Amino acid sequence: MSIETTPHAPLPDELDSPRAKLVYLSLATTGGATLDELQVGLDLPKITLYTIIRTLRERGLVNQEGESLTLAA
């Protein structure tokens with residue numbers, strides 16, 4: 001049995017928080033998600049996710065269009 005993996009870019013240096021890294025990696029591996037999907041998939045409270053997403057958006061790492069969150073190109 002072989003496990004197929006896809007290469008990902010390294011984590012941005014400005015990500016200090018383990019939770020921010022977790023959210024970033026989740027968006028990188030899924031290609032995007034909604035806040036509700038992140039909450040269920042990562043088992044994090046929404047209030048925590050709001051703070052992390054705001055920080056990631058302010059740093060230009062995440063785009064938000066409606067409810068959809070994706071990594072910035």
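Helices here are DSSP runs of type H or I with at least four residues, numbered from the N terminus. The model is predicted.

**Stop 1: helix 1**

Select residues 18–30, which form helix 1, and pick out serine 26 within that helix. Is serine 26 buried or exposed? Its relative accessibility is 15%, and because the cut-off for buried is under 20%, serine 26 counts as buried. Apart from neighbours within four places in sequence, serine 26 is in contact with Leu38 and Leu42.

**Stop 2**

Next, select aspartate 36 and lysine 46. These two residues form a salt bridge, with 2.6 Å between the closest N and O atoms.

**Stop 3: within helix 3**

Move along to arginine 54 and glutamate 58. Here the closest N and O atoms of a salt bridge are 3.7 Å apart. Both residues lie in helix 3, separated by 4 residues, or about one turn of the helix. Glutamate 58 is exposed, with a relative accessible area of 62%, whereas arginine 54 is partly exposed at 47%.

**Last check**

How many salt bridges does a search of the whole structure find? The search finds 2: aspartate 36 with lysine 46, and glutamate 58 with arginine 54.

Note on methods. Residues are numbered from 1 along each chain as its sequence is written. This is a predicted model: local features need pLDDT of at least 70, side-chain atom pairs count only at pLDDT 80 or more; totals for chains, interfaces and linings use all residues. Side-chain values use heavy atoms; hydrogens and water are left out. A salt bridge is a side-chain nitrogen of Lys or Arg within 4 Å of a carboxyl oxygen of Asp or Glu. Helices (H or I, at least four residues) and strands (E, at least two) are DSSP runs, numbered from the N terminus. Buried means under 20% relative accessible area, exposed over 50%, partly exposed in between (1.4 Å probe, protein chains only). Contact means heavy atoms within 4.5 Å.
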